[in-house]
Amino acid sequence: MTMQTRSLGTTGPQVSALGLGCMGMSALYGDADRTESIATVHAALEAGVTLLDTGDFYAMGHNEMLLGEALRTAPAALREQAQVSVKFGALRSPDGDWAGYDGRPAAVKNFAAYSLQRLGVDHIDVYRIARLDPDVPIEETVGAISELIEKGYVRHVGLSEVGADTIRRAAATAPVADLQIEYSLISRGIEESVLPTTRELGISITAYGVLSRGLISGHFTRDRQLAANDFRAYSPRFQGENLQHNLDLVEALRKIAEQKGVSVAQIAIAWVLSRGDDIVPLVGARTRERLTESLGALDVTLDDADLAAIERAVPADAAAGDRYPAPQMAHLGSK
């Protein structure tokens, strides 16, 4: 495995070709093992992964504290190479409910102060609001991040799950390094207008959900029972006939993977890698075993025949069900 690097836009840092999304180590996918989670972060750093992604609302700060511990206990040379991306703005209640988003400048600076403390760092490399606050112009939110950059607390402006118009408005306010948004074989909505816009403006994509929350990993079975604290128990793509349809797509993909001697997860990640050097897939590995499998995608080369076969097996818009339950879909940026 050779770790390549990619640039986060024309204004951002050089990062590893794959990033590690840490959310699942704390929230939304059932219980996780803290010791194994920290070992997985260390293993990622040792393998050359530099981009680590978290959010201040992942288990109400738990994920930032976990990542902070992983960084603190990593060898100094590995710790210094880490580039930390943080999402903010999602409001939570003590019982875990979601209560909207807050992009007011004062709130942005408040969120940053707590994140710096929990992470144990003196700056955040990429800082982005998780979803657009409909009551606050994006110019005000991005302007507040720019002020944090001027004071040295943040290095680069990022965006998350917004549409082409918002991207343009943000970029007119301050240089934007990167947009984080879901992108996978079965979530290709960005191809219509978002991806052309980011490419026009020199903004990279960090793609989350590249295995669609494990759905197209090759490891999810039709009879799997999900815990009540697992997001997928309520996700439309994991329900009833939708799940059966989507796993049929996985089996079609498995045939291609087997012909190449790789796993389903590796071919799915390799497909995202093939979409362009401006796209950095985030893998949500919670264990060293899954991390090793994901890193193997870097050694998978897809030629034109492979890509055509994948397209036939899993055409665009082939998935059944939305990627989030209806209430959450309402918060995704389309403008």
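This is a predicted model: local features need pLDDT of at least 70, side-chain atom pairs count only at pLDDT 80 or more; totals for chains, interfaces and linings use all residues.
Where in the chain does Ser212 lie?

**View 1. Ser212, a residue with positive phi in a loop.** Ser212 sits in the loop that runs between β11 (204-208) and α8 (240-260). Although Ser212 is not a glycine, its phi is positive, at about 50°. Is Ser212 buried or exposed? With a relative accessible area of 1%, Ser212 is buried.

**View 2. Asp317, a positive phi in another loop.** Here the loop to look at is the one between α11 (304-313) and α12 (326-329), where Asp317 is found. Asp317 is not a glycine either, yet its phi is positive, at about 65°. Asp317 is exposed because its relative accessible area, 78%, is over the 50% cut-off.

View 3. Eight strands form a closed barrel with parallel pairing, in the order β3-β4-β5-β8-β9-β10-β11-β12. On average, neighbouring strands of this sheet are turned by 30° against each other, direction ignored. For a closer look, take strand β4 (residues 51-55) and strand β5 (residues 83-88), which pair in the parallel sense over five bridges. Within this pair, Thr54 stands opposite Val86 in β5.

View 4. Nonpolar side chains tend to be buried together in soluble globular proteins. In this model the largest nonpolar core holds 92 residues, and those touching the most other members are Leu20, Leu52, Tyr127, Leu159 and Leu179. Helix α9 (residues 264-274) supplies the largest share of this core, nine residues. A second, separate core of seven residues includes Val15, Tyr208, Val280 and Leu282. Which residues does Leu159 contact, leaving aside its neighbours within four places in sequence? Leu159 is in contact with Arg128, Ile138, Val142, Ile167, Ala170, Val176, Asp178, Leu179 and Gln180.

**View 5. His123 and its polar contacts.** His123 belongs to the loop between α4 (105-119) and β8 (124-129). His123 counts as buried because its relative accessibility, 17%, is under the 20% cut-off. Look for two aspartates beside this histidine: the side chains of His123 and Asp122 are joined by a polar contact of 2.8 Å, and the His123 side chain also makes a polar contact with the side chain of Asp125 (3.2 Å). Not counting residues up to four places away in sequence, His123 touches Leu116, Gly152, Tyr153 and Arg155.

Terms used: Residues are numbered from 1 along each chain as its sequence is written. Side-chain values use heavy atoms; hydrogens and water are left out. Two strands pair if DSSP finds at least two bridges between them. Helices (H or I, at least four residues) and strands (E, at least two) are DSSP runs, numbered from the N terminus. Axes are lines fitted to C-alpha atoms, for helices over the stretch in contact, and angles run from 0 to 180 degrees between N-to-C directions. Buried means under 20% relative accessible area, exposed over 50%, partly exposed in between (1.4 Å probe, protein chains only). A nonpolar core is a set of buried Ala, Val, Leu, Ile, Met, Phe, Trp, Tyr and Cys residues joined through side-chain atoms within 4.5 Å. Contact means heavy atoms within 4.5 Å. A polar contact is a pair of N or O atoms within 3.5 Å; within protein, one must be able to donate a hydrogen and the other to accept it, and residues adjacent in sequence count only if both atoms are side-chain atoms.
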